[in-house]
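Good morning, and thank you for coming. Please look at the sequence and the structure as I show them.

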Amino acid sequence: VSSNIMKLFLLAPMMVGVANALTIMPPTTKTADHLPLAKKAMEYLDNSPDPFHCVQSTIDLLEAAGFQEVQDIEPDSGKIQPGGKYYFTRNRSTIVAFAVGGSYTAGSGGFKVIGAHTDSPNLKVKPRSKRSAKNAKSIQIGAECYGGGLWHTWFDRDLGISGRVFCRESDGSIVQKLIKIDRAILRIPNLAIHLQSADERKAFAVNKEDHLSPILAGKIEDAFNGAEANDDSESESEKKSDDKAKKDGWTEYQEPILVQLLASELGVETSDIVDFELNMFDIQKAALGGVHSEFLYSARLDNLASCFLAVQSLLDCVAEDDYLKNDKDISMIVLYDHEEVGSASAVGAAGPILGDAVRGITAALQGDKFHDATIRKSFVLSSDQSHALHPNYASKHEKNHQPQMNAGMVIKRNSNQRYATNGVTGILIREVARRASLPPVQEFIVRQDCGCGSTIGPLISTATGIRAIDMGCPQLSMHSIREQMGICDLTNGLDLFKAFFKHFRDVDDSVQQ
């Protein structure tokens, strides 16, 4: 008996510890209210592996809410009317959506714009995709780095392919087809530790040209047929592909297996494919993480999280009974391509899209003579993900500006104009948050001994003259193949964006400019 008592005595602390653990770690109880929005965001992220699919995902949401496509805005066409909801795209990688307030009058109203970007750092298939020699034992495709990715995170990941393919129709016309191969067809393998020197292991330096070409296939015909290795041999499929390949300056430079895969997925002939724009993506789905499911792990949070929140805020506002009827402004979202490479393109933030849209819509609503007044009444909330405090690298953050995940949106500031925020634009958004009884926004500046990134806000203001602020949700692992943010910040961001659409006009009129 005494031995049993002793066992119970020894086990008691362990049992109490287990009971305490179960008490303090109830999964999702602290985040349950945020889960529906998080799961909706996860679906958007998974459906949008590239800018073309991001735009299509956005179109699907807009059209379900009654938005109409208007590719050409003509002053006298009558297409644009107060109370209307519209969208247009450029290059199918940038999209503009807007709702005209029912109480809008030319000269007294402006544009309330939320801007974000559809692109993320990734590996793109080179224009001439064939990389492997005929005697290679692994078939690879050429990869080009897009943007400033953390390229070491792309090793040993299961990669799919997405983008758009240009196909010739029977009548000779060329059409675009979206493609998303959501299975592990590519992989960039690490070099085994045993084959690396001590210096190589320490440095882990990635040569972007030599080390980032993924394996698409092996020479399976030789393996299955038991053929002897022969550097001069050529498989039957290669011979057939070479025989069929046209010397047109494009086809002969493509990896035949890749073209065959694309044709099979699209249900077309290989000869119908005349070009493509393809990128690689991690096929692992977005997931909830943390003991309380308080985190969201996903690719492309920078900046599809902002795109999702921008779209959702516009849809939520126009769905409210009196919002569109009483709105005195034009509520707009602009989701740009090419931010990760500087935005200097026809469809980037440095291009003419927003300026042309403001001018065309104003003219269509008989307000072209009030263009300058409209610009002064307008405002851009530029949303791009921000840096959360990294617990393992706290010294990399300015000690008084350390945003936390799940603690609200972050205003980004830089006196050297890397961000567009200034005293007035910062106050306007803080006042919007205060009037809507939202959590106070956080603040971020970079350490003085670190370089500062930039985003679309300064470029938009330079191109259009419209005031802007730069802000975003805090996150970790920015530009990794897989990133992390807090799910409460999705709710915080959505609430702030909706408050911006609803309260900006009154706030703007109350602040001395």
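Which residues of α2 meet which residues of α14? Leu-35, Leu-37, Ala-38 and Ala-41 in α2 meet Ile-487, Leu-490, Thr-491 and Leu-494 in α14, where contact means heavy atoms within 4.5 Å. The residues of this contact comprise seven nonpolar, one polar and no charged; Ala, Val, Leu, Ile, Met, Phe, Trp, Tyr, Cys and Pro count as nonpolar, Asp, Glu, Lys and Arg as charged, and the others, Gly among them, as polar.

This is a predicted model, in which local features need pLDDT of at least 70, side-chain atom pairs count only at pLDDT 80 or more, and totals for chains, interfaces and linings use all residues. Residues are numbered from 1 along each chain as its sequence is written, and side-chain values use heavy atoms, with hydrogens and water left out.

Helices (H or I, at least four residues) and strands (E, at least two) are DSSP runs, numbered from the N terminus. The axes of α2 (residues 35-46) and α14 (residues 487-510) come within 9 Å and cross at roughly 90°; axes are lines fitted to C-alpha atoms, for helices over the stretch in contact, and angles run from 0 to 180 degrees between N-to-C directions. The two helices are therefore roughly perpendicular, a term for angles of 65 to 115 degrees.

Helix α14 also lies across β4, β13, β14 and β18, at about 145° to β4. Strands β4 (residues 111-117) and β13 (residues 330-336) run parallel, joined by seven bridges; two strands pair if DSSP finds at least two bridges between them. In β13, Tyr-336 stands opposite His-117.

How values were computed. Parallel < 35°, antiparallel > 145°, perpendicular 65-115°, else oblique.
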